[in-house]
Amino acid sequence: MSLKTVEQIIHSVEKEDFLLPDFQRGYVWKSGQVEKYFKSLYKKYPTGSLIMWSAPKQYIKKEFNLNNESNLILDGQQRVTTLYLTLTGKRPHWILSNNEVPKLYFDLETEEFKIIKKYDKIKHRQMLCIREIYNNDVDTIIESSHDPDLFSLYPDKIIRLKEILNYKYYISIVDEPDVREVVDMFNSLNSEGTRLSETDLAMAIMVITWPSAKSEIARLVDKYKAIDFEFDKEFIVRCLNIIACEKAKYTELKNTSSSKLEQALKNLEKALDYISGIWRQIAFVANTSLFSSTHSFMLAAYYLVKNNNKFQTERQRNQCIFYTLVAMLWGRYSGATEATLEKDVRIIRERNSFDQIIKEIAQQRGNRIYPTLDDIKEKGLTTTISKIIKLSILANQPHDWFDPSLPLVSKVGLNTYSIETHHVFSRKLLSRIIPTNIGTSVATLSNQVGNIAYITSLTNKSISDAGPSLYLPEVSEEELNKQYIPTDKNLWSPDFESYSKFIVSRNKLIQDGVTKFLSSFYPDFAAETETDNSSTFLKIQNFEYKIRKIISKIYLKTDFTLKKFFSEQIYDKVILRINLLKKKNPSNDFDINNIEFLVKNLEMTDYLRIITSDHNWPFFSKVFMDPKTFRERFSKINDLRNRLAHHNDLDLILLKDGEVSFLWFDAIFDKFNNSKEILNIQITAKDNNFNNEILKTLLSSKYTDLKKELIALDDKISFPLQVNQLAFAFSPAQWGMSSKDIAPIIFSITLDNTNSEKQIVFAIEFTGVFKTQYRETFFNDLKTLPEFSDISFFEFEPSKSWKNNWIIKKTYSIDNFSEKIPQDYIELNTLIYDIGKIIRRYSTLKHFNSEISFF
């Protein structure tokens, strides 16, 4: 171990005594880290030690001076690089970029460090550039400054600043000839800091026997970047491993010879040359920005290398293209990437065909490998489906709308003119025509894939914010068809109804166009063939959908916050997931207060934890009853789901257990869906001499849910009952509304025995429903319902309980009670939902709470 000052360390770098091993990462420190580091040096805080490797000469690049005792930096590269860059203004030998070296300044007044890109003598008059302390004494620094009078006020601070050059580091030297041991040591040293990534570690292993690996990989990255195919370092290294070891995982890389790796690189380059050319020519993939992931190209390259870098038939070529497109479209490698790659490499290695992989992609989607309308509806410009849509449009070889001589795609290289995204209905137009209560932002509506076309920048500027009815008539029908633009001119009008119909019509044209584009590569793919796995997958999807619905509905019956209902851990996790989605899709709306939206972003195990939590189970127990059985059945389905998600084979026992669990849950779901949302029962007595025969008739009703609710009261009250009113309150949440839009609709059965005309009254009471101007329109709409065709049975009257309340009621005499009540009770429940549909037209708010009021 030795001691070196900062100044001596800088000299060691200049003399090439300190170098970097190939497995070291590049320089990654940000401005804030540099500023914080120099502040620590200024205040003489400990900043660690340096560890060097006295490496054998074969690990030191030939361009460096091998006569000296050169050491490779194992621990301290960021610090050493920062010192050299900041104090000398030059780059050390291991940094090859020509970017300008940023300048670090010291504030003589505040004693803070700051990197300043644009120095201003007036604005930064008290700032001293750190480079000045290197090779200059204090007097020279003061005299040569732009303001000597000011700088002369701070000699002590300048002296202290120069002391940074005398800051000492302990330097340990590692004398280990085996580079594998050194790499392990490096990762151990960086266990708390910046560890080597899997790719960096793989590259370090390659460099052991193939010293030029790093530069060769960089060469390929630069080569394909120049033609807009962004095959980065991670892509190239993984491809080399797949080709040389025939495995996606790096487990065999350390035993692979340099000659095999070098041959793999030659073969990979040929394969990527072929891919970048053929995919541009046949699939109109002009650049990899049209792919959300390049993982499928790894398999394509491996397949080509296995087959002497050529396809034997046109079918093989098109099948491979089809695979790369659908693997990207449906996120084949979006989760458990390495495991899925490993499996797919094995399939290609053993079967030399993409058939099995394509079938598995289809099975993951229930054998619907082509997009449905739901896959297209309301999807934004940054989604994967938008990339496939663009490719399918380019495959139609469209031309510019206003200058048909300009093709939008070139098969031989880059266009010399710019192609831009065009909004058929511009944002400015949409901002004028969008209804105020639509609940969706202008940006979201304008960026829907159904509103996007592609034209030259010059044409885009000339159209500007004009409506489609003004400029689309100038475009030929042939060019409109190539971009799936509906040719019905009624859909081009500058109003929101036309926009909505335009989007619906165009989404259908897009669906047909994308299907035609994809199927052109693999027309013999039997997408409609059902398999046991696809059927199971659909059942799991249906199961998750229904579980989410129940969780959402039960939440609305609680008074819990979302964080309490989910648990803090689950809530924070789902919010983090949504924030990541926001970054990927900034144009989309993400409502983190919407329970249904949040539940969609939960994981399967989250459902179980939410339902069975101590504070939630009392609510869910009415649905799922036995917690032990629920856990067992849920776990069986989750096991089944995990097997499918990781593409593992399903054994017969697992399938049978899953089938039994599906049947158990189906019974639960049926019961839950058929039950009415009876939230409360209100019982009041008006006459102590009331006849209980009426209650007994209710108990014998065929309406089982009502019967169950009444029986549940049996242990709380004694017979004979003195009851004359049962009130059932229905939450506005049933219609996705807010209690601010409309207070809960109260449905009551009033059994009145206090007057001479014994009556039964079915009443629906609206508490402060609408603003006055909407009420008459609402009543007129109600009269259109079949149940209101005979208006003589109903009357509208102001409620006496609350101001502006209204009651719709139907009255029967007591003599007709036994035969009439069950049927009319059911009819009026149906009626409530019909009324709810009408109420929706008058809703102005998006969110609701579950507070219930009673009259």
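These exercises, each with a worked solution, go through one predicted model of a protein chain.

Residues are numbered from 1 along each chain as its sequence is written, and side-chain values use heavy atoms, with hydrogens and water left out. In this predicted model, local features need pLDDT of at least 70 and side-chain atom pairs count only at pLDDT 80 or more, while totals for chains, interfaces and linings use all residues.

**Exercise 1. The whole chain**

Task: State how many helices and strands the chain has, and what share of its residues is buried.

Solution. Step one: helices (H or I, at least four residues) and strands (E, at least two) are DSSP runs, numbered from the N terminus. The chain has 35 helices and 16 strands. Step two: buried means under 20% relative accessible area, exposed over 50%, and partly exposed in between (1.4 Å probe, protein chains only). Of the 855 residues in the chain, 49% are buried. Step three: contact means heavy atoms within 4.5 Å. Taking contacts between residues at least 6 apart in sequence, 72% join residues at least 24 apart.

**Exercise 2. Helices H1 and H3**

Task: Find how H1 and H3 are oriented to each other and which residues meet.

Solution. Step one: axes are lines fitted to C-alpha atoms, for helices over the stretch in contact, and angles run from 0 to 180 degrees between N-to-C directions. The axes of H1 (residues 6-14) and H3 (residues 77-88) cross at roughly 90° and come within 10 Å. Step two: H1 is therefore roughly perpendicular to H3; angles of 65 to 115 degrees count as such, under 35 as roughly parallel, over 145 as roughly antiparallel and the rest as oblique. Step three: Val6, Ile9, Ile10, Val13 and Glu14 of H1 meet Val80, Leu83, Tyr84, Leu87 and Thr88 of H3.

**Exercise 3. Helices H13 and H17**

Task: Repeat the analysis for H13 and H17.

Solution. Step one: H13 (residues 314-329) and H17 (residues 384-395) have axes 9 Å apart and pack at an angle of about 150°. Step two: H13 is therefore roughly antiparallel to H17. Step three: H13 contributes Leu325, Met328 and Leu329, and H17 contributes Thr384, Ile385, Lys387, Ile388 and Leu391.

**Exercise 4. Tryptophan 279 and the cores**

Task: Locate tryptophan 279 in the largest nonpolar core and list what it touches.

Solution. Step one: a nonpolar core is a set of buried Ala, Val, Leu, Ile, Met, Phe, Trp, Tyr and Cys residues joined through side-chain atoms within 4.5 Å. The largest one has 89 residues, and Ile236 and Trp279 have the most contacts inside it. Step two: residues up to four places away in sequence aside, tryptophan 279 touches Tyr274, Phe284, Val285, Phe297, Ala300, Phe311, Cys320, Ile321 and Thr324. Step three: another core, of 44 residues, lies apart from the largest one and includes Val6 and Trp94.
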